[in-house]
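Here are some friendly notes to read alongside the model. Take them one at a time, and keep the 3D view open as you go.

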Amino acid sequence: MMTQMVLRRIGIGFVTLLVVSLIVFMGTSILPGDVAQIILGQSATEETLAVLRAELGLDQPGYVRYFSWLGNMVSGDLGTSKAGGASISSLIDSRLGNTMKMAGLVALISIPFSVSLGLYAAMHPGTWLDRSVTFMTLSTISVPEFFIATLLVLILAVELHWLPSTAYLSGNESGVQLLKALAMPILTLVIVVSAQMIRMTRAGILNVMSSPYIEMAILKGVPRRRIILRHALLNAIGPIVNVIALNLAYLVSGVVIVETIFAYPGLAKLMIDGVQTRDLPLVQACAMIFCGTYVILILIADVASILANPRLRHPK
Amino acid sequence: MDKLLEVKDLRISAYNDDAVEIPIVKGVNFDIYKGQVVALIGESGSGKTTISLASLAYTKPGLEIVGGEILLKGEDVLKASPLRQRELRGASVAYLAQSAAATFNPAITIGEQVTESAVLHGVLTQEQATKRAEALYHALELPNPDRIGYRYPHQVSGGQLQRLMAAMALCGKPDLMVLDEPTTALDVTTQIEVLKAFKKVIREEDAAAIYVTHDLAVVAQIADHIVVLYGGEVMEQGTADQIINHPTHAYTRRLMDAVRPTPEAGQGSDVGEEHFREIPAVTVNRMTAGYGRKPNGEPAVTVLRDINVNVKNGHVVGVIGESGCGKSTLARVMAGLLPPSKGELKLDGNGLNGDMSDRSLEELQKIQFVFQMADTALNPKQEIGEIIGRPLEFYHGLTGKEKHQKVVEILEMVELTPEFVSRYPMELSGGQKQRINLARSLAANPEVMLCDEVTSALDSIVGANVIKLLTALRDKTGVSFVFISHDLSTVSSFADEIVVLYAGRVVEQGPTDEVLTPPFHPYTRLLISSVPEMRLGWLEETMNKREMAVGISKGVEITAVGCPFFNRCPVAIAGTCDTKTAPARELNDGHQISCHLTIDQLEQSEAHAAAQVAKMQNEPTSPSAA
Amino acid sequence: MTEEIVNEMPKGEEIVAEIDKFDELPDAPPKRRIKLTWLGKLSVVIVVFWVVIAFIGPWIAPFHEMDIEGDDSFLDAYDNFYLGTDHLGRDTFSRILWGARMTIGISLAATLLAYCMGITLGIAAAVKGGWFDMIVSRLNDAVLALPSIMLGLIAIAAFGSSIPILITIAAIIYASSVFRIARALGQDIMVQDFVEAAKARGEGIWWIIRAEVLPNAAMPLATDFGLRLVFVVLFISSLSFLGLGVQPPQADWGSMVRENLQGLSYKSYAAIWPAFAIASFTIAINLIVDDVSAKSGGSLAKKMV
């Protein structure tokens, strides 16, 4: 029963990935914009355009191009950048590492921080600490990521001179330099992601906390600590894992803004550059990586909540 | 005897949005002695649950104890420190909630939850507690007592969970148990079983208890002392014998009046001739229905099989059975909400399409469905005038003044004043909502009203008034009722005819008087003997009867072949009842029993059972011996 | 005790009269009315203020959004340049007033469009069910399965950026979440007994939607509208910030932050003011939504010892 549901969910995940690839492909290559025209510029003659189109396979029907593109994607051949002519795989290679490094550090810091703060706020509802946490997180999720980033730059870089305002990497920094460079973007992302996670963790626990079995535990004289850690947490673990996965997925869009603002040489920056120069193969490849990660993280979130359901874990 | 608990001038209030105090409990006094069961009885709003929770020094969020004291063995629990209060909860006073299904934590094993309190409070070690829990499972007659502790709450049945909660309360050997309507949500058959188990362990453990309920018949079985509450005040209190047999206060008498008598022949109402017509209003012929659809056109889950029912004009047909027997499904088929997979329906002798969307406006108007819960059946965003006015407009084209006049007229019919026109459902009490719910169907001017458990969610007095209203409406308008209920005493006091459904089949049907006189179908017998009587000692007598021993603890199971009652039937014939469909045996006057036993055999078994009961009553036996 | 009661008891007819005194006790009082905290009231004032500015901003602004009137770029406040000048020497205060129209106007238009599409399809899917629901829901899942900023980037890569395109993209992206909520609400309401009662009466589909479903969905959808508007403001501003939204020289709060970012190192607040404008608007909306949908969550938690 449970295995079935998990397999079913994974199956749906695969279908979603396919549909996503279709959207990415259609959005970027079937609609307007002739790649050949972009590469050769306005002065190109009809003949040269036709030759290039044939070379790129652009004269073939859409579905043929889609499947060959998908096939290449799956086998790891991401094509060549139309703007610079370089192989996209090589372009992405180092950038992906940088982005992963940053996202990993953000996750490492924000998950334990927000889950424990969310738990603590839920354990003491209505106290000043709970109320200020609620207000701060609400404000944080209400503002754009670049607002937080700008504010941090103003305070930490311009006013206090503690940190550099950009995170440009040359590739041969020392450990301390690297940390200093990464500090601002990571801090921004930690704040943004944690706010969501704290709110959702708190809401998840409080939701469980209004169940009749919590009242029963109180009436049995169970101490607060045990009510939270055994009675509530066991039931909230599914929602919390869900929250974590969803917010890691949310990092995907946060990364786009933060890499731009701090000029961090990551994948998102590469993609924005691609969009600005209308380098469609590059945009496709980057979009697939981001969307794929997002879909997989949401898939993990859903599977986690299936696995955490005691009714499914212990069938009749 | 020692005083265990003294409640002195207890006052509890709620505070609304504007911090205005609303008194809920207004100075209540009562005492509990060791080994005594005290019942708090009253309708919703009487403050009975609030009072019982106060003995654990607990109030629901939004309420506050504003005065009085509660002395547990001389110690005022209300003034104790929060830590001391926590010590008392579970260790000295244990609580049993109405719905065990919601109060067990779904993620923790039953055993851990049952023993948790005893171990946490240091009353027992984990080992001792587990052992004691097992002993309690035995005493409560739970299946597989050595293994049930390792299971999760969703893996056992509702009746079992209710008893497991008793084990949870008793495990820490509390001085006092608080039982909050512990059997209200259960079917009658399950209710007896749970009551019996409670009574037995309370006696064996010599525990004292507060028993909260609105059901006088239940109270009569279990309480030593009764406190009658109304609007947060004590109306009357005394020993069970005093209150049940010699009530003095007007309110207590009113509560007693609302208790419907034990079902027996001669209670059903008589139909006058004035609304008589040759052709029945609604006929259901060899009908089979269910949910879902298999490729061969049969339903994926068959709920009703081969049903024949006639609803005569101006008659009340009561449909009775435990939950899961298909009562509501039958009404839904008649209303056209669930098209049957086989069989035919007739209205006034003419064929009636099974699918509502293929029925004419006139046909729709003639059959009206009244939903069980008025709370959800009335659109919260519509005024009462709109709710009742819509059918007038929809079926009869009334608008403007004419419509308004008719709405007022219909409100009068359900004994409500014209001011209700501009109110919203949320501003009404439960009984008033149910009246509006009925009024909306009445407004269509129907021939048949299908009432699905319309009194089940109401308090006894309010429910009794609704039944009175329905009887008056029938006499005045000649409308027929299909009255669905799981409560045999309600049905037998009101219906002209009774249809007994079991697991999707009609096991017995006929005029009320006929159905309620022997010979009975064994299931009808079980139902009749399960209805609690409002007299002391009924529970002990009943538990010794033969049909209780066999069928009571099993649930309703729908079977494709044989008689579905086979596994609960005390007179079942193995090899016949489980393989062949029972033949419908015609008695007189349209009375039918579907059973493999002949009428003679059924009569003999009745006589045999009666003799046995008589014999037992002569021999003094221990009440708890099964 | 009991003896007293017996003595107090009225006899015979008096009892009959007495009995009628015991009316049915009323149900629990109606659910709480919406009551705003002082923070909520302040938020309403802020939101109304910005919406009014969005309408009349260009008329009350001291300068035109594109006019370079200041003495230099990145100046602090002076004379009637209340918030100083931006990277080209334009008046920041005037540009914020002009930008309100762009940021709030585009977001509001996109949210309204998203609601029209989302509610129509969502309620239709809930009411009709069957294959229609299947197809629309699956398609919607796919759109939801993409991060909104990615969808925006892909769409802008394909179509370029202009105001109508921005509105359409935002509307389509957020219509998918509106669809999901409207469908869920519709499905919840459709299985309610009062809808079943209307169906059993023989009511047509339009009457059911108009009289039974929509009035009951209105309040939750209104609160969601607030949240959705915030998301759209953030989305449009983020695109503008990336240089892919509203194009210069038109003023928009998101692009104003981007343009003036370099000014931070000269301690110019030209990038901070528009960011504050966005924050005040979105935080205020969220605070109102929080107040309106406040649940009594946690009341049980306070009882723990």
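1. With which residue does A:Arg199 form a salt bridge? The partner is C:Asp290, and the closest N and O atoms of the two are 3.7 Å apart. That distance passes because the rule asks for a side-chain nitrogen of Lys or Arg within 4 Å of a carboxyl oxygen of Asp or Glu. Please keep in mind that this is a predicted model.

2. How many salt bridges are counted between chain C and chain A? The count is one. Polar contacts across this interface come to two residue pairs, both at pLDDT 80 or more.

3. Now look at which parts of chain C touch chain A. Five helices of chain C, namely α5 (130-144), α6 (148-159), α9 (205-241), α10 (253-259) and α11 (272-292), each give at least two residues to that side. The largest share, 10 residues, comes from α11(C). Sorted by class, the side of chain C that touches chain A holds 36 nonpolar, eight polar and five charged residues.

4. How much area do chain C and chain A bury between them? The value is about 4500 Å², with 80% of it on carbon and sulfur atoms. Counted by residues, 49 of chain C are in contact with 59 of chain A.

5. Let us turn to chain B, which has 23 helices and 22 strands. Its C-alpha trace spans about 75 × 65 × 50 Å along the principal axes. Does the radius of gyration of chain B agree or disagree with that of a compact globule? It agrees, because a compact globule of 626 residues would have a radius of gyration near 25 Å, and chain B has 26 Å.

6. Within chain B, 59% of the 626 residues count as buried. Among contacts between residues at least 6 apart in sequence, 68% join residues at least 24 apart.

7. Finally, zoom in on B:Thr283, which lies in strand β11 (residues 282-291) of chain B. Is B:Thr283 buried or exposed? B:Thr283 has 12% relative accessibility, so it counts as buried, the cut-off being under 20%. Its side chain makes a polar contact of 3.3 Å with the side chain of B:Asn310. Leaving aside neighbours within four places in sequence, B:Thr283 is in contact with B:Val309, B:Asn310, B:Glu344, B:Leu345 and B:Lys346.

Technical notes. Residues numbered from 1 in each chain as written. Chains lettered and ligands numbered in written order. Predicted model: local features only at pLDDT ≥ 70, side-chain atom pairs only at ≥ 80, totals over all residues. Heavy atoms only, no water. Contact = heavy atoms within 4.5 Å. Buried area = accessible area lost by both parts, 1.4 Å probe. Polar contact = N/O pair within 3.5 Å; in protein donor to acceptor, adjacent residues only side chain to side chain. Helix = DSSP H or I, 4+ residues; strand = E, 2+ residues; numbered from the N terminus. Nonpolar A, V, L, I, M, F, W, Y, C, P; charged D, E, K, R; others polar. Rg over C-alpha atoms; globule rule 2.2 N^0.38 Å. Buried < 20%, exposed > 50% of the residue type's maximum accessible area, 1.4 Å probe, protein only.
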